[in-house]
Amino acid sequence: YFFLDREGNIASTINEVTSRRFLQIGTLAILLLIPLALTSTQGMRKRLGIQRWNRLHKLAYLIAALVVLHYYLQVKSDTRSPIAFAIILTALLASRVPFWSKLKEEKSKALQAPRGKNHSWRGDLKLIGIRSESDTVKSFRFGTLDGSKIPFEFKAGQFLTIDLTIESKRVRRSYTISSSPLENDWIEITVKKEAQGLASSYLHNQTKLGDTFPFRGPFGKFTLDTHQTDQVILIAGGVGITPLISILRFLRDSHWEGDIQMLLSAKQESDLLFREELRESQKTLQALKIQKAITQQCPESWTGLRGRIQQDTIDQMTSRSPDAHVFICGPDAMADDLCEMIKRTNIPDEHIFRESFGGKKISAPNADVKSGEFEIEFSRSKTKIKETTNDTVLDLAESADVSIESDCRSGICGQCK
């Protein structure tokens with residue numbers, strides 16, 4: 001129009017546009033197309049964030065309406081062609097409604113926090129698979145006794161308690177579910193064998209396929225609400241990756257389009273778990289960025305981060321994702337340091353979530369606690385024990401064969417009250 005009809009004359013073009021209503025409307029539609037064209041790349045989707053990008057590109061519907069109006073006003077008398085064009089365009093846009101409604105409904109079901117009929121469950125599961133993740137870490141896969149679907153729902157990041165019978169004593173432990181909530185044929189827990197770990201040693205050395213165990217759960221609030229953010233930062237120390245791999249698997253399986261950063265720290269390279277799966281996940285999740293750090297036995301060939309995670313690394317991650325929800329799981333000291341680093345950035349406190357190995361032990365406020373030997377009496381069983389340790393009351397009760405109902409062992413579920 002500018003070159004052929006107006007012969008490249010700017011003044012003539014402006015005069016023509018300002019004097020004709022249909023040209024004004026057409027020009028407005030063209031101007032509105034410019035930001036859509038400039039942001040129609042994968043890089044801009046990541047930069048804007050999927051939610052802001054989607055809101056911007058809803059301008060396409062307004063542009064379509066302006067195009068129809070432009071066409072209608074352009075004709076002199078026979079409006080059949082623009083009306084037919086409007087009907088066809090409306091039908092095409094309307095055909096998207098049931099498709100996107102169904103897709104939104106399915107995605108909402110996948111991404112919303114699972115809740116409902118079997119939120120808190122207890123029952124037996126059968127060991128159906130054992131997989132080594134490293135020299136000291138194994139994943140244990142459990143299914144139902146009859147091969148049916150898993151009879152409960154859980155959120156990525158939650159945990160179950162398992163009852164083990166070791167040397168005729170009941171031992172209850174809590175382990176994070178490492179599988180995706182969208183996998184309902186089985187669940188997995190990933191367990192590191194500790195040198196003095198009674199339960200972890202038993203699982204690693206004495207269990208076999210077909211064994212059945214009582215489970216309870218799921219429990220825990222270390223969970224991601226994907227409706228609240230389109231940016232996620234996952235930071236793990238060693239086997240602390242277990243709840244985070246569940247979150248990542250969930251985001252991958254639900255085809256989440258948000259920005260994901262992952263930072264993994266371990267003493268040595270062999271302690272970095274799920275390495276092959278993480279490489280494959282990066283092919284599926286183009287927005288997934290992974291950094292790895294080795295703190296001690298670092299080979300010369302290592303190209304990742306060396307030593308403990310530093311403030312500049314956290315600053316880089318948070319500047320890339322300033323609206324992120326940050327999930328930290330690892331040893332207490334590591335989690336404490338990372339929380340302090342993140343609080344120095346612009347990430348608000350309510351967007352920082354942490355989980356420590358075995359739960360963080362907190363002293364009761366204003367308690368008059370003295371070192372040395374102390375006595376505990378369990379009133380119902382009339383059992384008295386003298387101790388000098390810093391174990392929890394629940395641990396001491398179990399060591400004295402005193403039965404106390406408990407589930408999470410972290411002060412979350414309220415069962416031991």
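This is a predicted model: local features need pLDDT of at least 70, side-chain atom pairs count only at pLDDT 80 or more; totals for chains, interfaces and linings use all residues.
Which residues does Thr-242 touch, not counting residues up to four places away in sequence?

1. Thr-242 is found in helix α8, which covers residues 241-253. Its contacts are Thr-176, Ile-177, Ser-178 and Thr-190, leaving aside residues up to four places away in sequence. Thr-242 counts as buried because its relative accessibility is 6%, and the cut-off for buried is under 20%.

2. Next, have a look at the sheet. It is an open sheet of six strands with antiparallel pairing, and the order is β4-β3-β6-β1-β2-β5. The edges are taken by β4 (169-176) and β5 (187-192); each has a single partner strand, so one side of each is left without a neighbour in the sheet. On average, neighbouring strands are turned by 40 degrees against each other, direction ignored.

3. Strand β1 (residues 121-132) runs antiparallel to β6 and is joined to it by six bridges. Strand β3 (residues 159-166) is also antiparallel to β6, with three bridges between them.

4. You can follow the pairing residue by residue. Phe-215 in β6 has Gly-123 opposite it, and Ile-162 also stands opposite Phe-215. Thr-212 in β6 is the bridge partner of Lys-126.

5. Finally, please look at helix α7 (residues 198-206). This helix lies across β2 (137-143), β3, β4, β5 and β6, and runs at about 80 degrees to β3.

Note on methods:
Residues are numbered from 1 along each chain as its sequence is written. Side-chain values use heavy atoms; hydrogens and water are left out. Two strands pair if DSSP finds at least two bridges between them. Helices (H or I, at least four residues) and strands (E, at least two) are DSSP runs, numbered from the N terminus. Buried means under 20% relative accessible area, exposed over 50%, partly exposed in between (1.4 Å probe, protein chains only). Contact means heavy atoms within 4.5 Å. Axes are lines fitted to C-alpha atoms, for helices over the stretch in contact, and angles run from 0 to 180 degrees between N-to-C directions.
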